[in-house]
Amino acid sequence: MRENSALEAPGRCPMPHTIKPIDSDKPDFGGEVSGIDLTHHLTEDEITAIHAGMDRFGVLVFRNQRLEDEQQIEFSRQLGPLEQATGDIMAEKDRRLSMDLNDISNVDKHGELLPRDDRRRLFGLGNRLWHSDSSFKEVPAMYSLLSARRIPPTGGNTEYADMRAAYDALDEATKREVRDLICAHSQVFSRAILGFDDFTEAERVKWAPVRQRLVRQHPNTGRLSLYLSSHAGMIEGWLVPEARAFLRDLTEHATQRQFVYAHVWQPWDLVVWDNRVTMHRARRYDPGEVRDMRRTTLTNEVSSLSQAPA
Ligand code: OGA
Ligand code: MN
(Lines give C-alpha, C1' and ligand atoms only; values in the text may rest on other atoms or scores of the structure.)
(Ligands and ions follow the chains in the order given, each with its own letter.)
Protein backbone atom coordinates (compact mmCIF):
# COMPACT_ATOMS: atom_id res chain seq x y z
CA MET A 1 0.00 0.00 0.00
CA ARG A 2 1.14 3.52 -0.72
CA GLU A 3 1.49 5.77 2.23
CA ASN A 4 -0.40 8.99 2.19
CA SER A 5 2.39 11.35 1.27
CA ALA A 6 0.42 14.52 2.01
CA LEU A 7 -0.14 13.45 5.61
CA GLU A 8 3.24 11.91 5.98
CA ALA A 9 5.52 14.59 4.56
CA PRO A 10 5.50 17.12 7.43
CA GLY A 11 6.40 14.57 10.09
CA ARG A 12 8.96 12.69 8.05
CA CYS A 13 12.53 13.41 8.87
CA PRO A 14 14.36 13.26 5.53
CA MET A 15 17.67 11.45 5.40
CA PRO A 16 20.70 13.58 4.62
CA HIS A 17 21.41 13.25 0.92
CA THR A 18 24.67 13.33 -1.00
CA ILE A 19 25.52 13.47 -4.69
CA LYS A 20 28.98 12.29 -5.72
CA PRO A 21 30.65 11.89 -9.11
CA ILE A 22 30.33 8.28 -10.26
CA ASP A 23 33.63 8.38 -12.09
CA SER A 24 36.47 10.39 -10.54
CA ASP A 25 37.80 11.10 -14.05
CA LYS A 26 34.57 12.97 -14.82
CA PRO A 27 33.90 15.24 -11.85
CA ASP A 28 31.02 17.02 -13.64
CA PHE A 29 29.34 14.23 -15.58
CA GLY A 30 27.30 11.50 -13.93
CA GLY A 31 26.40 11.74 -10.25
CA GLU A 32 25.30 9.06 -7.82
CA VAL A 33 22.66 10.13 -5.35
CA SER A 34 22.20 8.58 -1.95
CA GLY A 35 19.82 9.36 0.86
CA ILE A 36 16.76 10.17 -1.26
CA ASP A 37 13.81 7.75 -1.32
CA LEU A 38 11.84 8.39 -4.50
CA THR A 39 8.89 6.27 -3.38
CA HIS A 40 8.01 9.04 -0.91
CA HIS A 41 6.80 12.55 -1.50
CA LEU A 42 9.95 14.67 -1.94
CA THR A 43 10.76 17.60 0.33
CA GLU A 44 11.50 21.05 -1.18
CA ASP A 45 15.10 20.49 -0.16
CA GLU A 46 15.34 17.23 -2.05
CA ILE A 47 13.75 18.72 -5.16
CA THR A 48 16.23 21.61 -5.08
CA ALA A 49 19.13 19.19 -4.62
CA ILE A 50 18.02 17.02 -7.54
CA HIS A 51 17.74 20.01 -9.90
CA ALA A 52 21.11 21.35 -8.75
CA GLY A 53 22.62 17.88 -9.21
CA MET A 54 21.15 17.68 -12.72
CA ASP A 55 22.57 21.09 -13.60
CA ARG A 56 26.01 19.99 -12.53
CA PHE A 57 26.12 16.32 -13.59
CA GLY A 58 23.64 15.99 -16.50
CA VAL A 59 22.95 12.40 -15.39
CA LEU A 60 21.96 11.20 -11.92
CA VAL A 61 21.80 7.60 -10.74
CA PHE A 62 19.52 6.53 -7.89
CA ARG A 63 19.98 2.93 -6.77
CA ASN A 64 17.40 0.64 -5.24
CA GLN A 65 14.20 2.63 -5.91
CA ARG A 66 11.32 0.16 -5.88
CA LEU A 67 8.89 2.30 -7.79
CA GLU A 68 5.39 1.35 -8.83
CA ASP A 69 4.28 3.08 -12.03
CA GLU A 70 2.12 5.54 -10.09
CA GLN A 71 4.98 6.40 -7.75
CA GLN A 72 7.28 7.01 -10.69
CA ILE A 73 4.71 9.32 -12.26
CA GLU A 74 4.10 11.15 -9.01
CA PHE A 75 7.73 11.78 -8.15
CA SER A 76 8.51 12.82 -11.74
CA ARG A 77 5.71 15.38 -11.60
CA GLN A 78 7.33 16.92 -8.55
CA LEU A 79 10.27 17.86 -10.79
CA GLY A 80 8.26 19.34 -13.65
CA PRO A 81 5.42 18.85 -16.13
CA LEU A 82 5.25 15.45 -17.83
CA GLU A 83 5.46 14.84 -21.53
CA GLN A 84 2.99 12.34 -22.99
CA ALA A 85 4.20 9.15 -24.68
CA THR A 86 3.18 10.21 -28.18
CA GLY A 87 6.51 9.25 -29.75
CA ASP A 88 5.96 5.51 -29.97
CA ILE A 89 4.11 3.40 -32.54
CA MET A 90 1.97 1.54 -30.03
CA ALA A 91 -1.68 1.09 -31.02
CA GLU A 92 -4.05 2.08 -28.22
CA LYS A 93 -5.25 -1.53 -27.81
CA ASP A 94 -1.68 -2.78 -27.32
CA ARG A 95 -0.66 -0.27 -24.66
CA ARG A 96 0.45 -1.76 -21.37
CA LEU A 97 1.17 1.53 -19.61
CA SER A 98 -0.55 4.89 -19.30
CA MET A 99 0.33 7.75 -21.64
CA ASP A 100 2.44 9.19 -18.80
CA LEU A 101 4.93 6.35 -19.31
CA ASN A 102 7.09 5.33 -22.24
CA ASP A 103 7.29 1.58 -22.50
CA ILE A 104 10.99 0.87 -23.07
CA SER A 105 10.64 -2.89 -23.15
CA ASN A 106 10.50 -5.86 -25.46
CA VAL A 107 7.29 -7.36 -24.02
CA ASP A 108 3.60 -7.18 -24.83
CA LYS A 109 0.84 -6.18 -22.44
CA HIS A 110 0.81 -9.66 -20.92
CA GLY A 111 4.53 -9.43 -20.19
CA GLU A 112 5.42 -11.92 -22.95
CA LEU A 113 8.41 -11.31 -25.22
CA LEU A 114 7.37 -9.67 -28.49
CA PRO A 115 8.27 -11.63 -31.63
CA ARG A 116 11.58 -10.40 -33.05
CA ASP A 117 9.94 -9.10 -36.20
CA ASP A 118 7.22 -7.21 -34.34
CA ARG A 119 7.01 -3.66 -35.64
CA ARG A 120 7.20 -2.19 -32.12
CA ARG A 121 10.36 -4.12 -31.43
CA LEU A 122 12.02 -3.14 -34.70
CA PHE A 123 11.06 0.49 -34.12
CA GLY A 124 12.46 0.26 -30.58
CA LEU A 125 15.88 -0.64 -31.99
CA GLY A 126 16.13 3.07 -32.75
CA ASN A 127 17.22 3.45 -29.10
CA ARG A 128 20.50 1.80 -30.03
CA LEU A 129 21.47 4.94 -31.96
CA TRP A 130 22.84 7.96 -30.08
CA HIS A 131 19.94 10.34 -29.53
CA SER A 132 18.28 12.93 -27.35
CA ASP A 133 14.71 12.06 -26.34
CA SER A 134 11.89 13.69 -28.27
CA SER A 135 14.18 15.94 -30.31
CA PHE A 136 11.66 15.12 -33.06
CA LYS A 137 8.97 17.04 -31.14
CA GLU A 138 8.71 20.79 -31.53
CA VAL A 139 8.92 21.10 -27.77
CA PRO A 140 11.38 18.36 -26.91
CA ALA A 141 12.17 16.61 -23.63
CA MET A 142 13.93 18.09 -20.63
CA TYR A 143 14.61 15.22 -18.19
CA SER A 144 14.05 11.53 -18.87
CA LEU A 145 13.61 9.26 -15.85
CA LEU A 146 14.18 5.59 -16.61
CA SER A 147 13.35 2.86 -14.12
CA ALA A 148 14.76 -0.66 -14.55
CA ARG A 149 12.20 -3.33 -13.66
CA ARG A 150 13.66 -6.42 -15.36
CA ILE A 151 17.08 -6.52 -16.94
CA PRO A 152 18.91 -9.14 -18.98
CA PRO A 153 21.75 -10.99 -17.18
CA THR A 154 24.39 -9.41 -19.43
CA GLY A 155 24.55 -6.49 -21.86
CA GLY A 156 21.88 -3.84 -22.23
CA ASN A 157 23.88 -1.00 -20.69
CA THR A 158 22.83 2.55 -21.40
CA GLU A 159 25.56 4.97 -22.44
CA TYR A 160 25.43 8.73 -21.92
CA ALA A 161 27.56 11.34 -23.66
CA ASP A 162 28.22 14.84 -22.31
CA MET A 163 27.28 17.33 -25.02
CA ARG A 164 28.62 20.30 -23.01
CA ALA A 165 32.10 18.81 -22.81
CA ALA A 166 31.82 17.81 -26.48
CA TYR A 167 30.97 21.39 -27.44
CA ASP A 168 33.77 22.83 -25.32
CA ALA A 169 36.28 20.51 -27.00
CA LEU A 170 35.47 21.70 -30.54
CA ASP A 171 38.07 23.88 -32.21
CA GLU A 172 37.18 27.57 -32.55
CA ALA A 173 36.46 27.39 -36.28
CA THR A 174 33.96 24.55 -35.80
CA LYS A 175 32.34 26.38 -32.88
CA ARG A 176 31.77 29.36 -35.16
CA GLU A 177 30.45 27.12 -37.93
CA VAL A 178 27.88 25.28 -35.79
CA ARG A 179 26.80 28.16 -33.59
CA ASP A 180 23.75 29.31 -35.55
CA LEU A 181 22.83 26.18 -37.49
CA ILE A 182 19.30 24.80 -37.41
CA CYS A 183 18.64 21.09 -37.97
CA ALA A 184 15.49 19.22 -38.95
CA HIS A 185 14.66 16.22 -36.74
CA SER A 186 12.26 13.36 -37.42
CA GLN A 187 11.84 9.78 -36.30
CA VAL A 188 11.58 8.93 -39.98
CA PHE A 189 15.24 10.02 -40.38
CA SER A 190 16.53 8.02 -37.41
CA ARG A 191 14.70 4.84 -38.41
CA ALA A 192 15.90 5.15 -41.99
CA ILE A 193 19.45 4.70 -40.63
CA LEU A 194 18.41 1.19 -39.53
CA GLY A 195 16.46 0.46 -42.71
CA PHE A 196 13.11 0.71 -40.91
CA ASP A 197 10.46 2.47 -42.99
CA ASP A 198 7.29 0.71 -41.87
CA PHE A 199 5.38 3.91 -41.06
CA THR A 200 1.73 4.58 -41.68
CA GLU A 201 0.72 7.71 -43.55
CA ALA A 202 -0.62 9.17 -40.29
CA GLU A 203 2.74 8.56 -38.57
CA ARG A 204 4.61 10.28 -41.38
CA VAL A 205 2.37 13.31 -40.98
CA LYS A 206 2.64 13.25 -37.18
CA TRP A 207 6.45 13.00 -37.38
CA ALA A 208 7.09 15.57 -40.08
CA PRO A 209 10.49 17.19 -39.42
CA VAL A 210 10.76 19.85 -36.72
CA ARG A 211 13.44 22.54 -36.35
CA GLN A 212 15.99 22.53 -33.52
CA ARG A 213 19.13 24.53 -32.88
CA LEU A 214 22.41 22.62 -33.19
CA VAL A 215 23.91 24.62 -30.32
CA ARG A 216 21.78 25.51 -27.36
CA GLN A 217 22.38 27.23 -24.08
CA HIS A 218 21.29 25.75 -20.78
CA PRO A 219 18.94 28.24 -19.07
CA ASN A 220 20.40 27.70 -15.57
CA THR A 221 24.10 27.11 -16.09
CA GLY A 222 24.60 29.17 -19.24
CA ARG A 223 26.73 26.37 -20.70
CA LEU A 224 26.54 25.66 -24.40
CA SER A 225 25.98 22.15 -25.72
CA LEU A 226 25.76 20.34 -29.03
CA TYR A 227 22.15 19.36 -29.58
CA LEU A 228 22.76 16.26 -31.67
CA SER A 229 20.46 13.27 -32.12
CA SER A 230 20.01 10.40 -34.57
CA HIS A 231 16.71 12.11 -35.44
CA ALA A 232 18.61 15.04 -37.03
CA GLY A 233 18.62 14.43 -40.78
CA MET A 234 19.05 17.88 -42.35
CA ILE A 235 20.71 21.22 -41.70
CA GLU A 236 18.87 24.24 -43.03
CA GLY A 237 20.54 25.69 -46.10
CA TRP A 238 22.81 22.65 -46.56
CA LEU A 239 22.81 19.87 -49.14
CA VAL A 240 21.47 16.73 -47.43
CA PRO A 241 24.53 14.48 -47.93
CA GLU A 242 26.86 17.25 -46.74
CA ALA A 243 24.67 17.81 -43.70
CA ARG A 244 24.53 14.12 -42.81
CA ALA A 245 28.26 13.65 -43.25
CA PHE A 246 28.89 16.63 -40.95
CA LEU A 247 26.35 15.48 -38.33
CA ARG A 248 28.08 12.09 -38.35
CA ASP A 249 31.47 13.70 -37.80
CA LEU A 250 30.09 15.75 -34.92
CA THR A 251 28.44 12.69 -33.38
CA GLU A 252 31.67 10.73 -33.66
CA HIS A 253 33.51 13.57 -31.94
CA ALA A 254 30.87 13.94 -29.23
CA THR A 255 30.72 10.27 -28.31
CA GLN A 256 34.42 9.66 -27.76
CA ARG A 257 35.03 7.66 -24.62
CA GLN A 258 36.23 10.63 -22.58
CA PHE A 259 32.74 12.13 -22.86
CA VAL A 260 30.83 8.90 -22.08
CA TYR A 261 29.44 7.32 -18.93
CA ALA A 262 28.23 3.73 -19.37
CA HIS A 263 25.52 2.74 -16.91
CA VAL A 264 25.43 -0.94 -15.92
CA TRP A 265 21.87 -1.56 -14.74
CA GLN A 266 20.71 -3.25 -11.59
CA PRO A 267 17.01 -3.91 -11.03
CA TRP A 268 15.34 -0.86 -9.46
CA ASP A 269 17.93 1.62 -10.62
CA LEU A 270 16.42 4.92 -11.65
CA VAL A 271 18.54 7.07 -13.94
CA VAL A 272 17.63 10.66 -14.75
CA TRP A 273 19.27 12.55 -17.60
CA ASP A 274 18.93 16.03 -19.04
CA ASN A 275 18.25 15.71 -22.77
CA ARG A 276 19.37 19.29 -23.34
CA VAL A 277 22.96 18.42 -22.48
CA THR A 278 23.34 14.69 -23.20
CA MET A 279 22.83 12.01 -25.80
CA HIS A 280 22.29 8.38 -24.88
CA ARG A 281 21.95 4.97 -26.47
CA ALA A 282 21.02 1.43 -25.46
CA ARG A 283 23.58 -1.34 -25.92
CA ARG A 284 22.99 -4.82 -27.32
CA TYR A 285 21.74 -7.72 -25.24
CA ASP A 286 20.42 -11.23 -25.87
CA PRO A 287 17.14 -10.73 -27.78
CA GLY A 288 15.72 -13.83 -26.09
CA GLU A 289 15.86 -12.11 -22.69
CA VAL A 290 13.23 -9.80 -21.25
CA ARG A 291 14.23 -6.20 -20.67
CA ASP A 292 11.55 -4.10 -19.01
CA MET A 293 12.24 -0.41 -18.43
CA ARG A 294 9.74 2.40 -17.95
CA ARG A 295 10.37 6.03 -18.66
CA THR A 296 8.68 9.17 -17.51
CA THR A 297 9.71 12.30 -19.37
CA LEU A 298 9.55 15.96 -18.46
CA THR A 299 8.83 18.42 -21.21
CA ASN A 300 11.23 21.26 -21.89
CA GLU A 301 8.19 23.57 -22.22
CA VAL A 302 9.95 25.64 -24.92
CA SER A 303 11.64 24.78 -28.20
CA SER A 304 15.44 24.70 -28.45
CA LEU A 305 15.00 27.56 -30.92
CA SER A 306 14.46 29.87 -27.98
CA GLN A 307 17.72 28.76 -26.30
CA ALA A 308 20.21 30.44 -28.62
CA PRO A 309 23.67 31.18 -27.24
CA ALA A 310 23.70 34.68 -25.75
C1 OGA B 1 15.08 5.77 -23.48
C2 OGA B 1 16.22 5.06 -24.10
C3 OGA B 1 17.90 3.41 -23.68
C4 OGA B 1 17.93 2.06 -23.07
O5 OGA B 1 14.51 5.23 -22.53
O6 OGA B 1 14.77 6.89 -23.91
O7 OGA B 1 16.71 5.49 -25.11
O8 OGA B 1 19.04 1.60 -22.73
N9 OGA B 1 16.66 4.00 -23.44
O10 OGA B 1 16.86 1.46 -22.94
MN1 MN C 1 15.94 7.56 -25.45
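Let's start with the second largest cavity, which is lined by Met54, Asp55, Arg164, His218, Thr221, Asp274 and Val277. By cavity I mean, on a 1 Å grid over the protein atoms alone, a set of points where a 1.4 Å probe fits but cannot get out; a pocket is an open set with protein on both sides within 12 Å along at least five of seven lines, and lining residues have an atom within 4 Å of a point. This cavity has a volume of about 30 Å³, where a volume is the space filled by probe spheres set on the points, and grid points are joined across faces, edges and corners. The structure holds 2 cavities of 30 Å³ or more.

Quick housekeeping. This is a predicted model, so local features need pLDDT of at least 70 and side-chain atom pairs count only at pLDDT 80 or more, while totals for chains, interfaces and linings use all residues. Residues are numbered from 1 along each chain as its sequence is written, chains are lettered from A and ligands numbered from 1 in the order in which they are written, and side-chain values use heavy atoms, with hydrogens and water left out.

Now the pockets. The largest pocket holds about 950 Å³ of space. There are 49 residues in its lining, and Ile104, Phe123, Gly124, Leu125 and Asn127 lie nearest the centre. Which elements supply at least two residues each of that lining? Those are strand E4 (102-105), helix H4 (119-124), helix H7 (187-193), strand E14 (278-282) and strand E15 (292-299). A word on the labels: helices (H or I, at least four residues) and strands (E, at least two) are DSSP runs, numbered from the N terminus. H4 gives the largest share of the lining, 5 residues. By class, the lining of this largest pocket has 16 nonpolar, 15 polar and 18 charged residues.

The second largest pocket comes in at about 460 Å³. Its lining is made by 17 residues, with Ile193, Ser230, Arg244, Arg248 and Thr251 nearest the centre. H7 turns up here as well, with strand E11 (232-235) and helix H9 (240-254), each supplying at least two lining residues. The most comes from H9, with 5 residues. The class count for the second largest pocket is 8 nonpolar, 4 polar and 5 charged.

On to the metal. The manganese ion, ligand 2, is coordinated by His131 (NE2), Asp133 (OD) and His280 (NE2), at 2.1 Å. Donors here are N, O and S atoms within 2.8 Å of the metal (3.2 Å for Na, K and Ca), and water is not among the atoms, so sites may look incomplete. Along the chain, the spacing of the manganese donors reads H-x1-D-x146-H. Buried means under 20% relative accessible area, exposed over 50%, and partly exposed in between, with a 1.4 Å probe and protein chains only.

Then there's ligand 1. Its surroundings include Ile104, Asn127, His131, Asp133, Thr158, His280 and Arg291, where near means a heavy atom within 4 Å. For polar contacts, I'm counting pairs of N or O atoms within 3.5 Å; within protein, one must be able to donate a hydrogen and the other to accept it, and residues adjacent in sequence count only if both atoms are side-chain atoms.

Thr158, another neighbour of ligand 1, sits in strand E6 (residues 158-162). Thr158 is buried, with 3% relative accessibility, and its side chain makes a 2.8 Å polar contact with the side chain of Trp265.

Last stop, the loop between helix H3 (69-77) and E4, where we find Asp88. Asp88 is buried at 15%. The side chain of Asp88 has a polar contact of 3.3 Å with the side chain of Arg95, and a polar atom of that Asp88 side chain lies 3.3 Å from the backbone nitrogen of Met90.

Methods: Ala, Val, Leu, Ile, Met, Phe, Trp, Tyr, Cys and Pro count as nonpolar, Asp, Glu, Lys and Arg as charged, and the others, Gly among them, as polar.
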